[in-house]
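Keep the viewer open and follow along.

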Amino acid sequence: MRNTSIQDSCTTILVGKKASYDGSTLVARTEDSQNGVFTPKKMAVIKGKDQPKHYQSVLSSFKIDLPDKALTYTSVPDALAKDGIWGEAGVNEKNVAMSATETITSNARVLGADPLVASGIGEEDMLTLVLPYIHSAREGVLRLGELLSQYGTYESNGIAFSDDNDIWWLETIGGHHWIARRVPDDAYVTNPNQLGIDHFEFNNPEDYLCSEDLKDFIAKYHLDLTYSNQHFNPRYAFGSQKDKDRHYNTPRAWIMQKYLNPEIEQDPRSFEIPWCQKPYRKITIEDIKYVLSSHYQDTIYDPYGPEGDRVSQKSFRTIGINRTSQTAILQIRPNLAKEIRAIQWMAYGSMPFNTMVPLFTQVSQMPDYFTNTKEDVSTDSFYWMNRLIAALADPHFKQHEADIDAYSERTMARGHQMLHRAEELMSQGENPDLSLMNQEMSDYIAYQTQVLLNKILFDASNLMTNRFGSSD
């Protein structure tokens, strides 16, 4: 069983439609297991008729009767299911996406005023309870907010919702309260494991939503730490400023913004790194893959790099960490047929060693290579193949880096090619078989990943400590 006092930790990036390369809304997050644990993941398509009518948590005593009508949706559940579902990321048949959750921080003032609820909901439950029943990103905020207000939560989390027009980010506050902000269209958001929202307007419901009594709650418990002439800053009121944040959290926001806004000078330990920024140019899928793979390249903090020393290279928690279970980029593309509008780009395992694979979501099933994750290591599983490659390549990362980069570029190029082909067929009035296209993409990825494993294993064998130059 997962220890619910040590939740999973993740990194999120959100990109508004005017800041993305093609006008898409982009929601992306790594799902990182807790220390000492690796959580096998798989993909799934949950048909509306198969959605449970009665839901029972595994890690909590929470249970609920669910609505009769449910939409079909994708998810990335735990493969072994011993701790519950943990659906994490998906898109429903109305092309509404949800990413749940980013573990975030709080403080004793908030938790004393509104304690966490042991019998409430958590990351295990949220995607299953919300995604099948919403028709827009805003509806997602309102449904989850209603559940939080009524039943409470036993942990602090951030959750993203998106459709082809909007992205909303919701953060829980204590046991029952919550706050949400619409991501500006021309901006991106970086959110490590901290409460992130740093600006809120109570009189602007088009862009800001919250618990019905939040304003009174703040006043009653003296949570507002801003001066009277300043805007309300939720991060001051509900978040944390701990020594751990300076090493575990804020540097991840810093390195992402350093890449997407290189002209801005910021301190990696600063508590004032903005929640959202306008990038210096539009952001691509490849940019998201890069920042979510970050290990502080070209800085003294890179554990694989030549700069710095043993102290600096271990100072900050990397984004591309060893215990990433899966990463999903949820791309909702405007002005395309509803059948091909949503793409779920998927990666398994540690991000510096893998690739992102696009899959159409409006299908009845996903390819076996992405769904057949078992408890035992197997080369028939994309999840385990990525784990094998990372473990073999890590000790000699620089020697393998060029092969891994070439693999990622080659496979992602094939992914874009697949998307373009589907768009062209739809524009010609044809209806492509999206399940077949997903399967063809999966077959290509399986072949290329096997080729990479072969190469990594051969090269790593020649780099073993007990090697000797003279043949027998």
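Helices (H or I, at least four residues) and strands (E, at least two) are DSSP runs, numbered from the N terminus. The model is a predicted one, in which local features need pLDDT of at least 70 and side-chain atom pairs count only at pLDDT 80 or more, while totals for chains, interfaces and linings use all residues. Residues are numbered from 1 along each chain as its sequence is written, and side-chain values use heavy atoms, with hydrogens and water left out.

Let's begin with the sheet. Strands of a sheet pair through backbone hydrogen bonds, either parallel or antiparallel. Here, two strands count as paired if DSSP finds at least two bridges between them. Seven strands form an open sheet with antiparallel pairing, in the order β14-β12-β1-β2-β15-β16-β17. At its edges are β14 and β17 (357-360), each of which pairs on one side only. Four bridges link β17 to strand β16 (residues 342-348) in the antiparallel sense, and Trp345 stands opposite Pro358 in β17.

Now look at β1. Seven bridges join β1 to strand β2 (residues 25-32), and the two run antiparallel; Thr12 stands opposite Arg29 in β2. β1 is also joined to β12, by four antiparallel bridges, with Tyr188 of β12 as the bridge partner of Val15. How many of the residues of β1 are buried? Buried means under 20% relative accessible area, with exposed over 50% and partly exposed in between (1.4 Å probe, protein chains only). Seven of the seven are buried, so β1 is largely enclosed by the rest of the structure. Both faces are covered, with Ser9, Thr11, Ile13 and Val15 buried on one side and Cys10, Thr12 and Leu14 on the other.

A nonpolar core is a set of buried Ala, Val, Leu, Ile, Met, Phe, Trp, Tyr and Cys residues joined through side-chain atoms within 4.5 Å. The largest one has 97 residues, and Ile13, Phe238, Ile288, Phe360 and Phe370 have the most contacts inside it. A second, separate core of 29 residues includes Val96, Leu127, Leu148 and Trp178. Contact means heavy atoms within 4.5 Å; not counting residues up to four places away in sequence, Ile13 touches partners including Val189, Met256, Leu260 and Ile288.

Met256 and Leu260 are among the buried residues of α7. Nine of the 11 residues of this helix (residues 250-260) are buried, so α7 is largely enclosed by the rest of the structure. What covers its buried residues includes β1 (9-15), β12 (188-191), α6 (243-248), β14 (276-277) and α8 (285-292).

Helix α8 holds Lys289. The side chain of Lys289 does reach the backbone oxygen of Asn354, at 3.3 Å.

Our last stop is Asp78, in the loop between β6 (73-75) and β7 (89-91). Asp78 is buried, with a relative accessible area of 6%. Its side chain and that of Lys41 are joined by a polar contact of 2.7 Å. A polar contact is a pair of N or O atoms within 3.5 Å; within protein, one must be able to donate a hydrogen and the other to accept it, and residues adjacent in sequence count only if both atoms are side-chain atoms.
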